[in-house]
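Thanks for coming. I will go through one model on the screen, sheet by sheet, and finish with the whole chain.

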Amino acid sequence: MHIGFVQHTYEEYQHPSELLAAHFTTTEWAEALVAKGARVSVIYRFHSDDHLFLRGVHYYFLKDTLSPMLKWFHLPLSFSLKVRKYVKTNDVDVMHSHNLRASFPNFLLRVFCPKHPLVIQDHGAIPAGRSLRSRLVDLVLKWCLKRCDAVVFSAKGQERMWVERRLIERRLCMFIMENSASFSFMPRQEARVFTGLRGSPVFLWVGNLDPNKDPITSLLALDEVFEKYPEAGLYMIYRFNQLEDQVRDLIHSKPGLTGRVELLGSRSRRELQWYYNSADYILSSSHKEAGGYSVIEAMACGVIPILSDIPSFLSLTGHGQVGANFKAGSVSDLVRQTLEVCGRDIAKESERVMGHFKEFHSFEALAETAMGVYSEVISRRHNSG
């Protein structure tokens, strides 16, 4: 089976290797499919023509004159025509576009390649508003989505608003977690020598300080949890700091948090594996996530997840088969679930997390699920004549 990933945006990268380093989630997914026996081509819209062959995957960079980040009204005609030529001459079996809201680019893919199955992946998009422009975009989007072969979400429940708005037909919805992680377990004490994290237990937060991530709920809950675990500590890693002042004010106003919560700021991805392996629990109180990449990375290291009950997080824990899920925004439920999880043996629960991750969320599992989706859409095409 030959799968063609189609990427319409590329940011301001000058060289293909820079782009691939930033888009490591795409390269890792492609490599996982190759390991399952698929042939994979990743086709990027780019500012110049180029080609790389890395770890079994062909990366094609096709020149286009439009800006790196397409505006809503952009029609990448020349790129789409080049994609059509490639998929026809290289026997691509399935096209996979990684941008649900790319209305006009996906429209062109469907118009120019009508005979090729098209899978469109969601990465946390939401339906547009009610403005005239939004309605125009949604008309194009609805036309395209009705004629694609599958719309892929990370977890059941994420499709609901799209179906309710009648932008997507429920029969087309399929589910693949948006990525996995290549991190792995290492002894906790060894990692803590590198990071300096300490506490019994150690809680870790990896996420921006913003209203969606909702750090305030997590901090208020841990203020109560720390009463029962006086040696515990929380470490917060983040890039964007919209709520940092409020977070600092809350920490300073709560004696139970002062001196036990450390704001670390940003850390490189290379460093993150050490921080995950220094933690006992990963905490996230998000109200919305496409997948939850930091949680995925943490679970690959055996860190026990304590997560809000949004669709992607319920999928990651198997609806609470490992770790715990709490009602999003509820301090009391987070306290209750955290105390329950902390009552379990950490080493045994960590092993259960790693086993669950390997079975359901590893690259091998992701590729297996994706290959099943691709096979199904091909079969549907054949059966429909």
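Strand E9 (residues 202-206) and strand E10 (residues 233-237) run parallel and are joined by five bridges. Strands here are DSSP runs of E, at least two residues, and helices are runs of H or I, at least four residues, both numbered from the N terminus. Two strands count as paired if DSSP finds at least two bridges between them.

Before going on, the conditions: this is a predicted model, in which local features need pLDDT of at least 70 and side-chain atom pairs count only at pLDDT 80 or more, while totals for chains, interfaces and linings use all residues. Residues are numbered from 1 along each chain as its sequence is written, and side-chain values use heavy atoms, with hydrogens and water left out.

Back to E9 and E10. Phenylalanine 203 has leucine 234 in E10 as its bridge partner. Both strands belong to an open sheet of six, in the order E11-E10-E9-E12-E13-E14, with parallel pairing. Strand E11 (261-265) and strand E14 (324-326) are at the edges with a single partner strand each, so one side of each has no neighbour in the sheet. From one strand to the next, the twist averages 20 degrees. Across strand E12 (281-284) and strand E13 (304-308) lies helix H14 (residues 346-360), at about 75 degrees to E13. Axes are lines fitted to C-alpha atoms, for helices over the stretch in contact, and angles run from 0 to 180 degrees between N-to-C directions.

Now the other sheet. Eight strands form an open sheet with mixed pairing, in the order E3-E4-E2-E1-E5-E6-E7-E8. Its edge strands, E3 (50-54) and E8 (173-175), each pair on one side only. The twist here averages 25 degrees from one strand to the next. Within this sheet, strand E6 (residues 118-121) runs parallel to strand E7 (residues 150-153), with three bridges between them.

Is glutamate 159 buried or exposed? Its relative accessibility is 9%, so it counts as buried; the cut-offs are under 20% relative accessible area for buried, over 50% for exposed and partly exposed in between, with a 1.4 Å probe and protein chains only. Setting aside neighbours within four places in sequence, glutamate 159 is in contact (heavy atoms within 4.5 Å) with Phe153, Arg170, Cys173 and Phe175.

Finally, the whole protein: 15 helices and 14 strands, with 56% of the 385 residues counted as buried.
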